[in-house]
Each structure stands twice: as C-alpha cells, then as structure tokens.
Amino acid sequence: MSDLTQLEKDIMQLLIEGHNAREITDWLAIDYIQYKKSKNKILKELKITRITQILPAAINLGLFK
C-alpha cells in the first residue's frame with residue numbers, strides 16, 4: 001500500500017465516500033486522465049476489479065477501521 005501517492009490515497013478516500021469522477025477531479029484540481037490512471041493504480045494495488053470492492057479491500061489491508 002505504500003506504493004500509493006498522496007493523491008491516490010486522496011482519490012481512494014473520496015471514492016469510498018461515494019463521490020463521482022467529476023466531483024473528485026474538481027476538488028483535487030486534476031484532469032480526468034490523471035484521475036483514471038490513479039484509480040486504475042488503486043484497483044491494481046488493492047487487487048480488485050470494481051470500485052464497489054474498494055472499502056472491503058481497504059479494511060482488509062488495515063487502511064480503515
């Protein structure tokens with residue numbers, strides 16, 4: 001999990017909170033391509049294929065309690 005940048009961790013947190021891509025890109029002042037690359041890296045790092053799996057995977061890795 002240490003391979004994720006702070007931006008990727010911020011995106012992961014916002015995804016867990018249920019925010020959509022437009023909100024995330026606006027709030028973090030990034031473009032959609034950067035968002036997509038970061039989201040794909042998060043999915044790969046957590047070894048998941050769907051965003052709906054992000055919270056259980058993060059909990060299992062001890063990222064959230």
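How many aromatic pairs does the count come to? The count comes to one aromatic pair. The partners are Tyr32 and Tyr35, and their arrangement is tilted. Their centres lie 5.7 Å apart, with 40° between the planes. The structure is a predicted model.

**The tyrosine pair**

Both tyrosines belong to helix H3, three residues apart. That spacing puts about one helical turn between Tyr32 and Tyr35. An α-helix has 3.6 residues a turn, so residues three or four places apart point the same way. Tyr32 is partly exposed, at 48% relative accessible area. Tyr35 is buried, at 5%.

The whole structure holds one salt bridge. It joins the side chains of Glu8 and Lys41, at 3.3 Å from N to O. Glu8 sits in helix H1, which covers residues 6-16. Lys41 sits in helix H3, which covers residues 32-46. Is Glu8 buried or exposed? Glu8 is buried, because its relative accessible area is 8%, under the 20% limit. Lys41 is partly exposed, with a value of 31%.

Ser38 is another residue of helix H3. At 1% relative accessibility, Ser38 is buried. Which residues does Ser38 contact, leaving aside its neighbours within four places in sequence? They are Leu7, Glu8 and Ile11. Glu8 is also the acidic partner in the salt bridge with Lys41.

Ile11 leads on to the nonpolar core. The largest nonpolar core has 14 residues. Within this core, Ile11, Ile42, Leu46 and Ile54 touch the most other members. Helices H1, H3 and H4 each give two or more residues to the core. In soluble globular proteins, nonpolar side chains tend to be buried together. Not counting residues up to four places away in sequence, Ile11 touches Ile24, Leu28, Ile30, Tyr35, Ser38 and Ile42. Tyr35, on that list, is the buried member of the tyrosine pair.

**Loops and helix ends**

Most residues other than glycine have a negative phi. Lys47 has a phi of about 60°, although it is not a glycine. Lys47 lies in the loop between H3 and helix H4 (54-60). Ala29 is exposed, because its 70% relative accessible area is over the 50% limit. Lys47 also counts as exposed, at 76%.

The start of H2 has a contact of its own. There, a side-chain oxygen of Asn20 comes to within 3.1 Å of the backbone nitrogen of Arg22.

**Accessibility side by side**

The table gathers the residues discussed above.

| Residue | Relative accessible area | Class |
|---|---|---|
| Glu8 | 8% | buried |
| Ala29 | 70% | exposed |
| Tyr32 | 48% | partly exposed |
| Tyr35 | 5% | buried |
| Ser38 | 1% | buried |
| Lys41 | 31% | partly exposed |
| Lys47 | 76% | exposed |

Conventions. Residues are numbered from 1 along each chain as its sequence is written. This is a predicted model: local features need pLDDT of at least 70, side-chain atom pairs count only at pLDDT 80 or more; totals for chains, interfaces and linings use all residues. Side-chain values use heavy atoms; hydrogens and water are left out. A salt bridge is a side-chain nitrogen of Lys or Arg within 4 Å of a carboxyl oxygen of Asp or Glu. Helices (H or I, at least four residues) and strands (E, at least two) are DSSP runs, numbered from the N terminus. Buried means under 20% relative accessible area, exposed over 50%, partly exposed in between (1.4 Å probe, protein chains only). Rings of Phe, Tyr and Trp (its six-membered ring) pair if their centres lie within 6.5 Å; planes under 30 degrees apart count as stacked, over 60 as edge-to-face and the rest as tilted. A polar contact is a pair of N or O atoms within 3.5 Å; within protein, one must be able to donate a hydrogen and the other to accept it, and residues adjacent in sequence count only if both atoms are side-chain atoms. Contact means heavy atoms within 4.5 Å. A nonpolar core is a set of buried Ala, Val, Leu, Ile, Met, Phe, Trp, Tyr and Cys residues joined through side-chain atoms within 4.5 Å.
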